[in-house]
Amino acid sequence: MPAKMKWTKRLAAEAAKCRVWKRYVDEEWIIVGIALWYQATSWTTPRRVAVIRKAKIVQEDQACLLLDTDWQYEAMVTLLDWEATDLWRFYNQRCRMENYIKEAKRGFAMDTIATGSFEANETDLLVKLLAYNLYERFKRDCCEPVHSGYTIARFRLEFFHCAATLVSDCRTTVLKLTKEFANRYTWKRMECRIAQLE
């Protein structure tokens, strides 16, 4: 399995010696890759390292000269005999799962142990897992497409951290948002979609 490496000056110097990079053009990126044998200072033997560099496409219809400062570099050490771009894609698919785990830990505190009781901790974890899944389903079914990548922290910042008044009248409770709330109309559209789910 490939593993991400730290991009060091020594590794950059080795990659700079390489002349033949395999090129792949995505919709928004120019991606080139190469595989080389490299021995880090802590390694006893050289290992196969896949190096990817990518640059954002600026002009679609015209040729554009890319400077060294335009490239973003990534390196992965691997035992697999794959092309560098295939290794990079494979790693990034797996990497998305790491982002989900990070969101569960940072956004929903799934890595914290609440009490000394096993049963209480199990219940606490299940409630957090339910909250995480409900939030992901809420984004998919009720939010705008632009919000699909929002973490819970960003969602809280943009939608929950705003001034509002909770008004009760004739067995009805209404949340009145301030008129200066920037996402007021987006919030209203979310409310309508939630009502349609019932």
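The following dialogue explains how to read several features of a predicted model.

Student: How many helices and strands does the chain have?

Tutor: Helices (H or I, at least four residues) and strands (E, at least two) are DSSP runs, numbered from the N terminus. Here the chain has five helices and seven strands. From the N terminus on, their order is β-α-β-β-β-β-α-α-α-β-β-α.

Student: Which strands pair with S5?

Tutor: Two strands pair if DSSP finds at least two bridges between them. Strand S1 (residues 3-5) pairs with S5 in the antiparallel sense over three bridges, and Lys4 stands opposite Met76 in S5. Strand S4 (residues 47-56) also pairs with S5 in the antiparallel sense, over seven bridges; there, Ile52 has Glu74 in S5 as its bridge partner.

Student: Is strand S5 mostly covered or mostly uncovered?

Tutor: A residue is buried under 20% relative accessible area, exposed over 50%, and partly exposed in between (1.4 Å probe, protein chains only). Strand S5 (residues 72-78) is mostly covered, with five of its seven residues buried. In the chain, buried residues make up 30% of the 198 residues.

Student: At roughly what angle do the axes of H4 and H5 cross?

Tutor: Axes are lines fitted to C-alpha atoms, for helices over the stretch in contact, and angles run from 0 to 180 degrees between N-to-C directions. Angles under 35 degrees count as roughly parallel, over 145 as roughly antiparallel, 65 to 115 as roughly perpendicular and the rest as oblique. The axes of helix H4 (residues 152-160) and helix H5 (residues 184-197) come within 10 Å and cross at roughly 110°; H4 and H5 are therefore roughly perpendicular to each other.

Student: Which residues of H4 and H5 meet?

Tutor: Contact means heavy atoms within 4.5 Å. Phe155, Phe159 and Phe160 in H4 meet Thr186, Trp187 and Met190 in H5. Ala, Val, Leu, Ile, Met, Phe, Trp, Tyr, Cys and Pro count as nonpolar, Asp, Glu, Lys and Arg as charged, and the others, Gly among them, as polar. The contact of H4 with H5 has five nonpolar residues, one polar and no charged.

Note on methods
Residues numbered from 1 in each chain as written. Predicted model: local features only at pLDDT ≥ 70, side-chain atom pairs only at ≥ 80, totals over all residues. Heavy atoms only, no water.
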